[in-house]
Amino acid sequence: MTVPTLSGQVPARAAARPTLGAQLLRRKPIAQMVNEAEAGQGGPRLVRSFGVLQLTMISVGATLGTGILVILGESVPLAGPAIWISFAIAGLAALLSAVSYAEMAGLVPVSGSSYSYTYATMGEGMAWICGWCLVLEYAVSVAAVAVGAGQYVNESLAVFGTALPDALSQPPGDGGMVNIPAMVIVVLATVLLVRGAKESAWINTAIVVVKVGILLFFCAVAFTAFNAGNFEPLLPMGAAGVSAAASRVFFSYIGFDAASTAGEEARNPKRDLPRAIMLSMLIVTTIYVLVAVAAIGARPWGWFDGTEAALVKILEETTGQPWIALVFAVGAVLAIASIVLTVLYGQTRILLSMSRDGLIPAVFGRVSRRTGTPVAGTLLVGIAVALTAGLVPLGSLADATSIGTLFAFALVNVAVIYLRRTRPELERTFRVPLFPLTPILGALMCGYLMANLGADTWVTFAVWMLVGLAAYLAYGRRNSRVAALDEGEYRELSAMSLTSKP
């Protein structure tokens, strides 16, 4: 029998489909994932053009800045001066999962990130749940971050004595009608991604250099006003406050997995993806803790309650020079643009993988022969995110991104344990240290942080999952390419995976 491929047209064998329970447990062979990535989906494939520098900058660009530039004012009142400890705890939780991502990225160098890792180890059901969580993580977090652009645009304009009216710079529910800056940033990022991944990566690298520079500049200025007394008492809200803040600022680390979505566009993914993930985590955690310490040292923790664009205001009050605040505010807008660009990139690549498997419409998986990017899918995602950022009150939906992210991270930790036990012969370019302790701690830490999120967030997440279940039963269940294989073909593909190195 000829070994079947999962890409392309789905065979019309509805009668041969497995039962729902059996379909949910069907795993996708790793070798088949790699073969499909090389062959494309009935057309051109993604272009391999990224080295370790671009991959690291994608991860840093998607991660660095969110918690500091957008939610610092909301997180400090929860933890008090110990907010830097909250960032360290969240960073440790992310690092435990990051090492698992690094092993899986070298083992399964495709675009699907944790969705693909879960499909290879736990089956279609868990893969769909993971993919649906990633839609929440990426698309909603892009919109939530873009919303913060309005306040920094106004901080820039304030130097010239003007500002955008709230109706055009704030989201609905916060006194606005449409957030124009948020929509503009998402549209510009979409246009750039459509033009080409290589061009987007180099522009992102330049923006990340600027972003790191302005944050280090902030630290240099803030430390001139450093007051050690601002750290007393260190834990005014107790350990519970530190844990609650850690759960919230974990949102700041969700971007590091963006590098793993570039598995099909890396020149040497098995070598470079693990390096990029680990290097980006080191850079981001160091800068977050440094900026948090500098900010608290410059201002008492109570000052942050309700303060928007806190870092800009610290610079204004410390230096008395409006041009310094202008430079930082413009840099902050660029930093947000970098996050939007890289996270939006990651979303389109995950949807490409899900489309290749037949779980969502094929339009998201079509790669343009001219640009080497999924143009149609990128435009659809960009339009949806721009409208969400500009017109939809995100509220608790934005907080629910943390649950979706933590759940996906937990699954990757479990995937590492599963493949170490069942596929020890596979070549691994990076191995999780202290196995199995590290992935177990990573999964437990994710569960702990999930438990610290509020009841409203859990309710929102549950509703999101119910919507995802309905979408799977309505479309994915009937169009899955893995489920379309009869039992003999499925076993043959699985056997091929067992005897072939990816």
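Predicted model: local features only at pLDDT ≥ 70, side-chain atom pairs only at ≥ 80, totals over all residues.

Residues are numbered from 1 along each chain as its sequence is written, and side-chain values use heavy atoms, with hydrogens and water left out. Mean pLDDT for the protein is 84, with 92% of its residues at 70 or more.

Now the overall fold. There are 22 helices and 0 strands; these are DSSP runs, H or I of at least four residues for helices and E of at least two for strands, numbered from the N terminus. The radius of gyration is 22 Å, close to the 23 Å that the globule rule gives for 502 residues, so the protein is as compact as a globular protein of that length. That radius is taken over C-alpha atoms, and the rule is 2.2 Å times the number of residues to the power 0.38.

Next, helix packing. How do α6 and α19 cross? The axes of α6 (residues 83-107) and α19 (residues 437-451) come within 8 Å and cross at roughly 135°. Axes are lines fitted to C-alpha atoms, for helices over the stretch in contact, with angles from 0 to 180 degrees between N-to-C directions. The two helices are therefore oblique to each other; under 35 degrees counts as roughly parallel, over 145 as roughly antiparallel, 65 to 115 as roughly perpendicular and the rest as oblique. Residues making this contact include Leu92 and Leu96 of α6 and Met445 and Leu449 of α19.

Helix α5 (residues 72-79) also comes within 8 Å of α6, axis to axis, crossing at roughly 105°. That makes α5 and α6 roughly perpendicular. Here Leu72, Ser75, Val76 and Ala79 of α5 meet Ile83, Ser86 and Phe87 of α6.

Last, the backbone. Glu232 and Pro233 are joined by a cis peptide bond, omega about -5°, and Pro233 sits in the loop between α12 and α13. Phe435 to Pro436 is also cis, with omega near 0°; Pro436 is in the loop between α18 and α19. Ser113, in the loop between α6 and α7, has a positive phi near 55°.

Methods. Contact = heavy atoms within 4.5 Å. pLDDT = per-residue confidence, 0-100.
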